[in-house]
Amino acid sequence: MGVAAGPIRVVVAKPGLDGHDRGAKVIARALRDAGMEVIYTGLHQTPEQIVDTAIQEDADAIGLSILSGAHNTLFAAVIDLLKEREAEDILVFGGGIIPEEDIPPLKEKGVAEIFTPGATTTSIVEWVRENVRVPPAVEPTVR
């Protein structure tokens, strides 16, 4: 995977039946104001719709916002679909009301980071900048 030119592209999505999108909109705006291209999918998206959008939009990352309690199922579905569609280079991060004990299993599944209530927009923007499109380490050549 090479490093793409242009701004970082992030799909911000609200999967499932969760009807509260204020936080997702705040994050989308913060990423946009930081110079990233943001595609906000709106409410009630299926994992398939989210992955389709990310692939079609050539996204670098997907940010999921979940307040409904269905995070284990919905995050896993997005990760599994990215693998099925050979799009594992799209980084998945998320936030919402997610119990601390659920975070390690989500990360083991492949979610890169989880932001819980109280995370600042600045910390999220910085994390995206530091973790999306990170070029692979280059081994020094010996002559």
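This is a predicted model: local features need pLDDT of at least 70, side-chain atom pairs count only at pLDDT 80 or more; totals for chains, interfaces and linings use all residues.
1. With neighbours within four places in sequence set aside, T41 is in contact with V11, V12, A13, K14 and T53. Its relative accessibility is 18%, and T41 therefore counts as buried, the cut-off being under 20% relative accessible area.

2. H20 belongs to another loop, the one between β1 and α1. Is H20 buried or exposed? H20 has a relative accessible area of 56% and is exposed. Beyond its neighbours within four places in sequence, H20 is in contact with K14, L43 and L67. For the pair H20 and L43, which are 23 residues apart along the chain, the C-alpha atoms are separated by 8.0 Å.

3. The sheet is open and has five strands, in the order β2-β1-β3-β4-β5, with parallel pairing. The edges are taken by β2 (37-40) and β5 (113-115); each has a single partner strand, so one side of each is left without a neighbour in the sheet. On average, and with direction ignored, neighbouring strands of this sheet are turned by 20 degrees against each other.

4. Strand β1 deserves a separate point. In the strand order, β1 stands between β2 and β3. Four bridges connect β1 (residues 9-13) with β3 (residues 61-66), and the two strands run parallel; V11 has I62 as its bridge partner in β3. The pairing of β1 with β2 is also parallel and also extends over four bridges. Here R9 stands opposite E37 in β2.

5. How many residues of β1 are buried? Five of its five residues are buried, and the strand is mostly covered. In a regular strand, side chains alternate between the two faces of the sheet. In β1, R9, V11 and A13 point one way, whereas V10 and V12 point the other way, and all of them are buried. The buried set includes R9, the residue placed opposite E37.

6. Helix α1 (residues 22-33) packs against helix α5 (residues 121-131) at an angle of about 55 degrees, and the two axes are 10 Å apart. That angle makes α1 oblique to α5. The crossing of the two helices is right-handed. On the α1 side the contact is made by V26, I27, A30 and L31, and on the α5 side by T121, I124, V125 and V128. Sorted by class, this contact of α1 with α5 comprises seven nonpolar residues, one polar residue and no charged residues.

7. Which residues meet in α2 and α3? P47, E48 and V51 in α2 meet L74, A77, V78, L81 and L82 in α3. By class, the contact of α2 with α3 has seven nonpolar residues, no polar residues and one charged residue.

8. D58, in the loop between α2 and β3, has phi near 55 degrees, a positive value in a residue other than glycine. D58 is exposed, its relative accessible area being 57%. E86, in the loop between α3 and β4 (91-96), likewise has a positive phi, of about 50 degrees, although E86 is not a glycine. E86 is exposed as well, with a relative accessible area of 74%.

Terms used. Residues are numbered from 1 along each chain as its sequence is written. Side-chain values use heavy atoms; hydrogens and water are left out. Axes are lines fitted to C-alpha atoms, for helices over the stretch in contact, and angles run from 0 to 180 degrees between N-to-C directions. Angles under 35 degrees count as roughly parallel, over 145 as roughly antiparallel, 65 to 115 as roughly perpendicular and the rest as oblique. A crossing is left-handed if the near helix is turned anticlockwise from the far one by less than a right angle, and right-handed if clockwise. Contact means heavy atoms within 4.5 Å. Ala, Val, Leu, Ile, Met, Phe, Trp, Tyr, Cys and Pro count as nonpolar, Asp, Glu, Lys and Arg as charged, and the others, Gly among them, as polar. Two strands pair if DSSP finds at least two bridges between them. Buried means under 20% relative accessible area, exposed over 50%, partly exposed in between (1.4 Å probe, protein chains only).
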